[in-house]
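I opened a new structure today and kept notes as I went. Below is what I looked up, entry by entry.

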Amino acid sequence: MLPAKADPQKQKEYLEQEIQPRLDEAQAGKRVVCFMDASPFVLAVFPGFLWPVARIFIQAPSGRQCFNVLGALNAITHEMITITNDAYINAECVCALLEKLASRYVGIPITIFLDNARYQKCALVMEKAKSLNIELCFLPTYSPNLNLIERVWKFVKKKCLYSKYYEKFPAFKAAISHCLEETTTTHKPALDSLLTLRFQLFEKAQFITV
């Protein structure tokens, strides 16, 4: 599904004019390109596919504690750099992640593609990025299909949440953190296949009302 307010033509133009040229530079080793986004992982029920012959009962966690992950995905190496907390993501968190990126990739231009969330597209973040010489490129509104890191969130949910039971919140957080730490090791083959630089685009004619 694609958000109803998405503009396929703007997405196509943005991909061709903004994303692809920078990815070409990144593949040539002349630039680091990252895709940034935050994901709140809630300790709740995430059922998978189950076809029992007889009715069974599955344990489910109580409460709705949230583990927030703000991540930046290197589009070429698939390295993940993150900021996490149990409260909420704000502009200060984004600034902290920008500083980590600047320290990680010294001496090479950095471009970050990100959505238009208010805590990202604000004066504090823009000034921090400018001071660190980081280029922020804001994606067209309603364009999750252009944000490569969205595929990582889907992968983590599949690995850590669906049909899984965690009795305590610390175990829940540890599973997610461990999964993210292994993006360039254990999970590299799967993610290399998932995180190709081919982005799904849509045509207006494909949109239907349901």
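**Entry 1: cysteines**

I began with C93, whose sulfur is 9.2 Å from the closest cysteine sulfur, in C95, and that is too far for a bond. I count a disulfide when a pair of cysteine sulfur atoms lies within 2.5 Å. A disulfide is a covalent bond between the sulfur atoms of two cysteines.

I then checked C179. Its sulfur is 4.0 Å from the closest cysteine sulfur, in C160, again too far for a bond. How many disulfides does the rule give? The count comes to 0.

Before going on, I note that this is a predicted model, where local features need pLDDT of at least 70, side-chain atom pairs count only at pLDDT 80 or more, and totals for chains, interfaces and linings use all residues. Residues are numbered from 1 along each chain as its sequence is written, and side-chain values use heavy atoms, with hydrogens and water left out.

C93 is buried, at 11%. C179 is buried too, at 5%.

**Entry 2: the whole chain**

I stepped back to the overall layout. The protein chain has 6 helices and 5 strands. These are DSSP runs, numbered from the N terminus: helices are H or I with at least four residues, strands are E with at least two. Along the sequence I read the pattern α-β-β-β-α-β-α-β-α-α-α.

Of the 210 residues in the protein chain, 44% are buried. I also looked at contacts, meaning heavy atoms within 4.5 Å. Among contacts with a separation of 6 or more, 72% join residues 24 or more positions apart.

**Entry 3: helix α2**

I returned to C93, which sits in helix α2. Leaving out residues up to four places away in sequence, C93 touches L70, I83, N85 and Y88. Its C-alpha atom is 8.9 Å from that of Y119, 26 residues apart along the chain.

L98 is in helix α2 as well. L98 is buried, with a relative accessible area of 0%. What does L98 contact beyond its neighbours within four places in sequence? I found M36, I112, V125, K128, A129, L132, I134 and L136.

**Entry 4: two helix pairs**

Two packed helices are described by the angle between their axes and the distance between the axes. I take axes as lines fitted to C-alpha atoms, for helices over the stretch in contact, with angles from 0 to 180 degrees between N-to-C directions.

First I took α2 (residues 91–104) with α3 (residues 123–131). They pack at about 10°, with axes 9 Å apart. That makes α2 roughly parallel to α3. The cut-offs are under 35 degrees for roughly parallel, over 145 for roughly antiparallel, 65 to 115 for roughly perpendicular, and oblique for the rest. On the α2 side I list A91, E92, V94, C95, L98 and E99; on the α3 side, L124, V125, K128 and A129. These residues divide into 7 nonpolar, no polar and 3 charged. Here Ala, Val, Leu, Ile, Met, Phe, Trp, Tyr, Cys and Pro count as nonpolar, Asp, Glu, Lys and Arg as charged, and the others, Gly among them, as polar.

Next came α4 (residues 149–160) with α5 (residues 169–181). Their axes come within 10 Å and cross at roughly 130°. The two helices are therefore oblique to each other. From α4, V152, W153, F155, V156, K159 and C160 meet A175, I176, C179 and L180 of α5. I sort this contact into 9 nonpolar, no polar and 1 charged.

**Entry 5: loops and the tail**

H78 has phi near 70°. H78 lies in the loop between β2 (66–74) and β3 (80–85), and is buried at 6% relative accessibility. Y142 has a phi of about 60°. The place of Y142 is the loop between β5 (134–138) and α4. Y142 is partly exposed, at 40%.

My last stop was Q200, in the segment after α6 (188–194). Q200 counts as exposed, at 52% relative accessibility. The C-alpha atoms of Q200 and K12 are separated by 9.6 Å, though the two are 188 residues apart along the chain.

Note on methods: Buried < 20%, exposed > 50% of the residue type's maximum accessible area, 1.4 Å probe, protein only.
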